[in-house]
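Here are a few notes to read with the model open beside you. Take them one point at a time and find each residue as you go.

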Amino acid sequence: MTILLDVINGLNKFLGFLDISPKYSNRAYTLLSIIPTVYILRIVYGLWLNQNYIQLVIYSLVFIGLVYFIVLNFFYYFLDKNLKGDITQLFVKYLPDDAFNIQNEESKKKKKVFEQAAEVPVDFNEDYQLILVENIQALIEGQEITTRDLTKQEGFLIEENTLYPYYYVKQIDAGTYQLQIGKNYRELETIGTIRQTEPLRPIGLFIVGGDFVKEGVRYHEPYRLKFLAKKEEATGVTRTRRSKK
């Protein structure tokens, strides 16, 4: 058992070092959980042969619980489906929001990053939103941008402050930059120009708008992009800018 735990711990650290997206790391952890489940099944079989029925019942319940959660995770992370018998939805429904520490910590990190950021104005091309909509749709279909199920919860289809995955800021001269986006890094298109004399230190390009549900009614507002860079501090005063829509 100790060797098994060491192997699982080693694989867990390895997955942590890879720094892959949550979707694929959760898939990997789902597959990884099969190892202890099979080991528990081996213990159950041994207890059955030894006629140790009390421990047999206990380990059988543990085995059934592990199989149950493996099946739930497989449907959720591999097939993007929620099963009707998913008891985890009860935790989401009845536990307070601050019970989920992972989400709170993530929110704190995002808040800290955005406190150090300023929105940079971009002179967008006239048709950039058409390009943006086409790209976002392709990225959603490719599961590179996560969405929420608007039939089950309110809010925007794409979560607030979602990073656009494929963009590039190309410097043309000392004070001019081109903002490029694409469905991947091989097919980038210029959608706007940034003019700034100070050094540009990008933080990210974020998606704003889209379909959303409020009080049971579905609405739509055009997608747009918000480009953030680190604030320039001078004499203790921080300047912030608004981007052009």
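Which exposed residues does the face of α3 turned away from its buried side carry? They are Val 38, Arg 42, Tyr 45 and Leu 49, where exposed means over 50% relative accessible area, buried under 20%, and partly exposed in between (1.4 Å probe, protein chains only).

1. Some ground rules. This is a predicted model, where local features need pLDDT of at least 70, side-chain atom pairs count only at pLDDT 80 or more, and totals for chains, interfaces and linings use all residues. Residues are numbered from 1 along each chain as its sequence is written, and side-chain values use heavy atoms, with hydrogens and water left out. Helices (H or I, at least four residues) and strands (E, at least two) are DSSP runs, numbered from the N terminus.

2. Now the length of helix α3.

3. Next, the buried side of α3. Thr 37, Ile 40, Val 44 and Leu 47 are buried. They cover an arc of only 75° around the axis, which puts them on the same side of α3; the arc is that of the directions from the helix axis to the C-beta atoms. An α-helix has 3.6 residues a turn, so residues three or four places apart point the same way. The buried residues of α3 pack against α4 (53-78). Just after α3, look for Gln 51, which takes a positive phi of about 60°.

4. Over to Thr 176, in strand β6 (residues 176-182). Thr 176 counts as buried because its relative accessibility is 18%. Contact means heavy atoms within 4.5 Å. Leaving aside neighbours within four places in sequence, Thr 176 is in contact with Lys 170, Gln 171, Thr 193, Ile 194 and Arg 195.

5. Finally, strand β8 (residues 202-214) is mostly covered, with 10 of its 13 residues buried. Two strands pair if DSSP finds at least two bridges between them. Strand β3 (residues 155-156) pairs with β8 in the antiparallel sense over two bridges, and Gly 155 has Val 213 as its bridge partner. Val 213 also stands opposite Arg 218 in β9. Strand β9 (residues 217-230) runs antiparallel to β8, joined by 11 bridges. β8 and β9 form a hairpin with two residues between them, and Glu 215 in the turn has a positive phi of about 55°.
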